[in-house]
Amino acid sequence: MNNIPDNLSNYLLHQRWCNFKSEIQNNQIKNISLNQTTYDNDNKLLIIGNVEFINQENKYFLMPLSKNNNPLPSQTIKINNQHYSDATQCADFWSSLINHLQQNQNTITFPNGWQLKYHINHDNTKINDNLHSISKPLNIEQSNTTIVVGNKEIAFKLERILSFSSQNNPEIEMNEKLMRENCSVMPKTYGYLTISNSSGQHSSSGIIQEFIINKGDMWNHSLEYLKNKLNTEYPYKNTLTSGNCPEFINLFSILSQKTAEMSKCLSKPDNNHQFTPKIVDDNFIHYYQKQLSVLLYQSHNYIKQNIQNLPNSTQKIANKLLKSWNTSTNNFILSQINKIKNSDNKGYICRVHGDFHLGQIMITHDEDLRIIDFAGEPGLPIEQRKEKHIYMRDYAGMYRSIKGYLEAVAIEEFTSQATTKEEQKHRKQYAEKALKPLINEASHLFLGKHSLDNPWLKLEILRKNLYEINYEVCNRPKMAHIPINGLNLLLNNHQPQISKKLSR
């Protein structure tokens with residue numbers, strides 16, 4: 001491996017945050033250079049790493065380290081004959097870093113001129129009260145957060161992989177917007193860290209938020225609830241409904257309320273033009289339709305190219321879809337576009353969460369909900385994550401998370417507990433019948449006043465379904481049946497109401 005110390009490669013391979021492990025293992029890295037600065041009386045290092053790949057763009061990462069006198073080889077890196085390990089594991093990580101920043105006018109400058117800056121919101125009482133508090137790493141206590149500070153008052157989300165852009169991080173902007181609107185759906189943000197490079201671009205490197213005492217995210221909670229209920233009711237062959245699952249239904253009622261509040265807050269005019277909604281016009285509809293056409297073309301090719309990798313049962317549905325692909329998908333899209341064009345109110349576009357699913361919902365200790373991770377779709381560039389979209393996008397994403405993935409995964413995991421093929425067959429038949437009423441009720445309850453006949457919602461469900469297909473058939477073919485079945489159901493439930501294509 002060229003120009004990469006063995007101990008650095010080994011250290012990175014054992015870090016959960018490292019998202020270029022396969023490239024290291026396959027010798028696809030030309031070089032990794034490190035820029036570092038010391039603090040805490042030289043006991044800690046703050047490192048910015050630059051990874052140069054053979055066939056892709058560079059990646060940057062932030063790596064805080066602390067001196068370690070009892071090294072474990074897999075968790076330790078050797079720099080200048082001194083062993084270091086992850087500084088976030090130290091009880092004084094938070095206090096040493098924040099105090100160092102405050103003592104240096106909230107800025108740390110690296111040897112290459114890059115700067116780590118500490119930005120504080122107007123009310124920094126909570127931060128000042130915890131300047132000397134101990135910190136510890138988190139597991140699932142608050143999803144996607146690195147450490148908890150003090151007596152579970154502050155959650156510090158440290159970004160390890162850095163994405164530089166000339167525009168502000170969307171999560172920071174979204175948090176500030178929702179706080180301006182006094183929105184109750186999210187943890188309060190107290191401050192954040194950014195890194196600025198020599199080109200004037202910047203990257204979010206940390207967000208300091210209110211800690212929410214919670215029971216984990218809604219995906220894991222709901223999945224375990226359904227599996228337990230199925231196992232309890234299975235001998236009696238009872239279906240699951242709101243009558244025998246009131247706790248489950250109550251959570252989706254709250255989710256509906258929180259989503260409506262988030263959507264309302266994001267649709268309010270703002271001094272920041274990036275948050276001012278826009279009325280849909282013919283140009284937007286034309287552009288939107290072209291985007292769907294591109295997605296349809298990609299999805300058709302992905303299925304066709306990967307169909308041999310799919311399970312036999314999925315192949316049958318996929319082949320059926322491919323045979324009528326152009327006719328069925330075009331009829332579906334044109335029918336919904338006609339409805340929109342013929343409507344007096346064509347809708348509006350605004351900023352959206354962008355990656356809205358059950359895993360982004362925390363269940364608090366008192367059975368309330370909080371929404372996290374407003375950074376948008378992680379695979380997209382910063383600029384695209386900040387674009388305005390039809391506000392139905394978040395509703396469609398969550399609907400697919402409930403009606404598509406939650407239902408399918410719960411059935412699969414319940415069925416997998418069978419010890420014989422006969423039991424497996426009975427379990428699957430029972431689960432499909434038992435879950436359908438409850439999932440239908442939960443998904444419709446979540447949608448609230450928004451009908452599945454809404455053309456924008458239908459188109460956004462289609463768009464989400466196509467993205468799911470593109471990902472699953474290429475990366476997780478065993479899971480591809482979920483979006484492929486979803487698309488098949490969506491198109492089969494559609495009754496074409498047009499006889500010719502719209503004029504372009």
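**Around W456**

Guide: Leave aside the neighbours of W456 within four places in sequence, and its contacts (heavy atoms within 4.5 Å) are V280, F284, I285, Y288, I340, K346, G347, I390 and M392. The model is predicted, so local features need pLDDT of at least 70 and side-chain atom pairs pLDDT 80 or more, while totals for chains, interfaces and linings use all residues. Numbering runs from 1 along each chain as its sequence is written, and side-chain values use heavy atoms, without hydrogens and water.

One of those contacts is also a ring partner. Rings of Phe, Tyr and Trp (its six-membered ring) pair when their centres lie within 6.5 Å; planes under 30 degrees apart are stacked, over 60 edge-to-face, the rest tilted. The count comes to 18 aromatic pairs. In one of them, the ring centres of Y288 and W456 are 5.0 Å apart and the planes stand at 85°, so this pair is edge-to-face. It joins distant parts of the chain: Y288 sits in helix α8 (residues 282–306) and W456 in helix α14, 168 residues apart. Helices (H or I, at least four residues) and strands (E, at least two) are DSSP runs numbered from the N terminus. Both Y288 and W456 are buried, meaning under 20% relative accessible area; exposed is over 50%, partly exposed in between (1.4 Å probe, protein chains only).

The largest nonpolar core holds 90 residues, and F248, L255 and W456 have the most contacts inside it. Helix α12 (residues 392–415) gives the largest share of this core, 13 residues. Such a core is a set of buried Ala, Val, Leu, Ile, Met, Phe, Trp, Tyr and Cys residues joined through side-chain atoms within 4.5 Å.

Helix α14 holds E468 as well. At 8% relative accessibility, E468 counts as buried. Beyond four places in sequence, E468 touches R400, Y405 and P483.

Helices α12 and α14 also meet a pocket. On a 1 Å grid over the protein atoms alone, a pocket is an open set of points where a 1.4 Å probe fits, with protein on both sides within 12 Å along at least five of seven lines; lining residues have an atom within 4 Å of a point. The second largest pocket has 40 lining residues, with K403, E407, N485, G486 and L489 nearest its centre. Two or more lining residues come from each of α9 (312–323), α10 (325–341), α12, α13 (421–447), α14 (455–475) and α15 (481–492). The largest share is that of α12, with nine residues. The lining of this pocket splits into 11 nonpolar, 16 polar and 13 charged residues.

Away from this part, W17, F20, F53 and F61 form one aromatic cluster. H202 lies in strand β13 (residues 202–210). Its C-alpha atom is 8.4 Å from that of N169, 33 residues away along the chain.

D42 lies between β1 (29–39) and β2 (44–53). N182 lies between α5 (170–180) and β12 (189–196). Most residues other than glycine have a negative phi. D42 has a positive phi of about 65°, and N182 one of about 55°. D42 is partly exposed, at 45% relative accessible area. N182 is exposed, at 67%.

Methods
Ala, Val, Leu, Ile, Met, Phe, Trp, Tyr, Cys and Pro count as nonpolar, Asp, Glu, Lys and Arg as charged, and the others, Gly among them, as polar.
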